[in-house]
Amino acid sequence: MQDSSLQIDRLDLWPTTFFSCTNPEHHLIKEDLVSYFNAVSSDFEYDIESGVAVGIKDNLLESKFDIFKHDNEAVQELKNFCVTATSQALSEINGQLWRFLSDEQKSINIDESWFHITKKGGYHDVHTHSNCSWSGIYYVQQGDQDPLSDRFGGNNRFRSSTRMGYFDYGNRYASDSYEVSPEDGKMILFPPHVPHSATPYWGNKDRVVVAFNIRVGTK
Ligand SMILES: [Fe+2]
């Protein structure tokens, strides 16, 4: 029986916030991005050209972490979209604080950015990002589904960073993981400490994504 005189104050102390949006002009840059990334990767010495965490990636090509520094029109258009969308998201989440910052303090610097071209069976095991305040994933080409398989795969699976270790009906609200299905032109912005992975991809067409790490107000 509920006691109507009892006031329960709810404190959401450490919420985990993601942002998601879709680039309405993705169709204008998609083919150019895929072509450019294919051209860049054709010169790779190694599949994981970045040399980062090669043991947890398979059947995919990864660029060096400087793709947004490339002087390519489609790449720069994509970078501009990511910066604009991120700025809007950070304005929303930081509220009044954001409004009192100078333009320099609000400057969004994408120090690290790279692409993945994932082949059939490719995956990226669980990891986190570091030395940044936000990370993002942009789906350039979602890929397809093998007609002979009922598995689409290639989702990004995020896991709770505050794992409870025990579940019953009392904490049923708290989901342990969250999956994002790739969609052309979709961008996900997430806290870099959240563990995530790219599940094995089973389509025949390449799955192409760009990922990036952001620092704000610091070079
Ligand atoms: Fe990642």
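I began with Ile29, which lies in helix H1; helices (H or I, at least four residues) and strands (E, at least two) are DSSP runs, numbered from the N terminus. Before going further I noted that residues are numbered from 1 along each chain as its sequence is written. I also noted that this is a predicted model, in which local features need pLDDT of at least 70 and side-chain atom pairs count only at pLDDT 80 or more, while totals for chains, interfaces and linings use all residues.

Is Ile29 buried or exposed? I found that Ile29 counts as buried because it has 21 C-beta neighbours inside 10 Å; a residue is buried if 20 or more other C-beta atoms lie within 10 Å of its own, exposed if 12 or fewer, and partly exposed in between, with C-beta atoms placed from the backbone. Leaving aside neighbours within four places in sequence, I listed Ala74, Glu77 and Leu78 as the contacts of Ile29, where contact means that the C-beta atoms of two residues, placed from the backbone, lie within 7 Å. I also looked up Gly185, which is 156 residues from Ile29 along the chain, and the C-alpha atoms of the two are separated by 9.5 Å.

Next I turned to the helix pair. Helix H1 (residues 26-41) and helix H2 (residues 73-99) pack with their axes 8 Å apart and at an angle of about 120 degrees; axes are lines fitted to C-alpha atoms, for helices over the stretch in contact, and angles run from 0 to 180 degrees between N-to-C directions. H1 and H2 are therefore oblique to each other, since angles under 35 degrees count as roughly parallel, over 145 as roughly antiparallel, 65 to 115 as roughly perpendicular and the rest as oblique. On the H1 side I wrote down Ile29, Asp32, Leu33 and Tyr36, which meet Ala74, Val75, Glu77 and Leu78 in H2.

Strand E3 (residues 108-127) runs antiparallel to E9 and is joined to E9 by 10 bridges; two strands pair if DSSP finds at least two bridges between them. Within this pair, Ile110 stands opposite Ile214 in E9. Strand E4 (residues 134-141) also pairs with E9 in the antiparallel sense, over seven bridges, and there I noted Val209 in E9 as the bridge partner of Tyr139.
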